[in-house]
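Subject: Structure handover

Hello,

Here is the structure I promised.

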Amino acid sequence: MTARAVRYVLSHTGVSLSVLVLLIVLGWVLVPGWFTGASATEGVIADRLRPPSPRHLFGTDELGRDVYARVVHGAALSLGASVAAIGIAFVAGTVLGLLAGFFGGWFGTGIMRGVDIMLAFPPVLLSLLVISALGIGTQNIAIAVGITSIAGFTRVMRASVLRVRTAVYVEAAILYGTRWWRILPRYVLPAAIGPVLALAALDFGLVVLAISSLSFLGYGQPPPAPEWGALVADGRDHLATAWWLSTLPGLTVAVVVLAANRLSRVVERST
């Protein structure tokens with residue numbers, strides 16, 4: 001990170017807090033043992049349904065498991081699936097948009113009509129259709145959400161390529177006889193990738209919500225896997241007597257999404 005970027009982060013409270021939140025969550029993913037020594041799957045029955053306290057920051061569930069520990073260990077599942085989904089959408093959308101924008105004609109039109117068909121389906125419905133074909137599980141949720149997001153990346157990449165396609169240096173390379181498989185990675189892709197990177201940052205928060213929503217509906221890993229959406233769902237039957245079971249994991253998801261969206265706007269302005 002450059003000195004200018006550091007000064008910008010430190011001078012904006014919202015950006016600083018967003019960076020801090022995401023760094024903490026990244027720590028949960030990489031080294032959860034630094035943040036909690038409790039088990040995510042084993043509980044103490046004598047401690048069941050204890051409210052938040054210094055000993056149990058997020059309270060305990062009906063099996064005496066530490067909810068904070070489950071949130072910390074669940075970050076690897078939920079955020080790992082989100083990164084995988086963004087990766088699928090980014091790679092597939094970039095390739096399709098790059099080819100559609102550069103070649104155009106019937107080939108590009110065919111790709112974009114396929115994109116239009118994908119956009120005709122509500123994202124949640126399309127994700128459920130993919131999950132129905134693949135089966136439940138965190139990996140399949142990531143694949144489903146990634147496939148659902150391909151259309152947006154393809155459209156943005158195609159629009160960016162159409163702008164770069166008419167650049168003098170690209171037309172000169174074509175007239176010189178350079179093969180297309182050399183032109184695309186060397187001249188077109190580096191100049192067109194910026195808006196797609198910004199879209200990846202913008203979509204990350206939405207993908208986290210989508211992953212958590214599908215996990216909430218029961219399409220993620222089976223219990224006792226501590227996925228964030230599943231943690232919110234597990235506390236539904238105890239809202240009247242143990243509000244923390246759903247509220248605190250849900251607030252965690254909300255804070256992470258807000259932090260990601262705040263940083264994504266910074267990335268968007270810088271591209």
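At what angle do the axes of helix α6 (residues 138-165) and helix α8 (residues 180-192) cross? They cross at roughly 120°, and come within 9 Å. Axes here are lines fitted to C-alpha atoms, for helices over the stretch in contact, with angles from 0 to 180 degrees between N-to-C directions. Helices are DSSP runs (H or I, at least four residues), numbered from the N terminus.

First, the ground rules. This is a predicted model: local features need pLDDT of at least 70, side-chain atom pairs count only at pLDDT 80 or more, and totals for chains, interfaces and linings use all residues. Residues are numbered from 1 along each chain as its sequence is written, and side-chain values use heavy atoms, without hydrogens and water.

Helix packing

α6 and α8 are therefore oblique to each other. Met157, Ser160, Val161, Arg163 and Val164 of α6 meet Tyr187, Val188, Leu189, Ala191 and Ala192 of α8. Contact means heavy atoms within 4.5 Å. The residues of this contact are eight nonpolar, one polar and one charged. (Nonpolar is Ala, Val, Leu, Ile, Met, Phe, Trp, Tyr, Cys and Pro; charged is Asp, Glu, Lys and Arg; polar is the others, Gly among them.)

α6 also packs against helix α3 (residues 67-103), at about 35° with the axes 5 Å apart. That crossing is right-handed as well. The contact of α3 with α6 has 21 nonpolar, eight polar and two charged residues.

Pocket and cavity

Both were found on a 1 Å grid over the protein atoms alone: in a cavity a 1.4 Å probe fits but cannot get out, while a pocket is an open set with protein on both sides within 12 Å along at least five of seven lines; lining residues have an atom within 4 Å of a point. A volume is the space filled by probe spheres set on the points, which are joined across faces, edges and corners.

The largest pocket holds about 400 Å³. Of its 20 lining residues, Pro123, Val124, Thr148, Ser149 and Ala210 lie nearest the centre.

There is one cavity of 30 Å³ or more. The largest cavity has a volume of about 100 Å³. Its lining includes Asp61, Glu62, Arg65 and Arg70. By class, that lining has four nonpolar, one polar and five charged residues.

Best wishes

How values were computed:
Helices (H or I, at least four residues) and strands (E, at least two) are DSSP runs, numbered from the N terminus. Angles under 35 degrees count as roughly parallel, over 145 as roughly antiparallel, 65 to 115 as roughly perpendicular and the rest as oblique. A crossing is left-handed if the near helix is turned anticlockwise from the far one by less than a right angle, and right-handed if clockwise.
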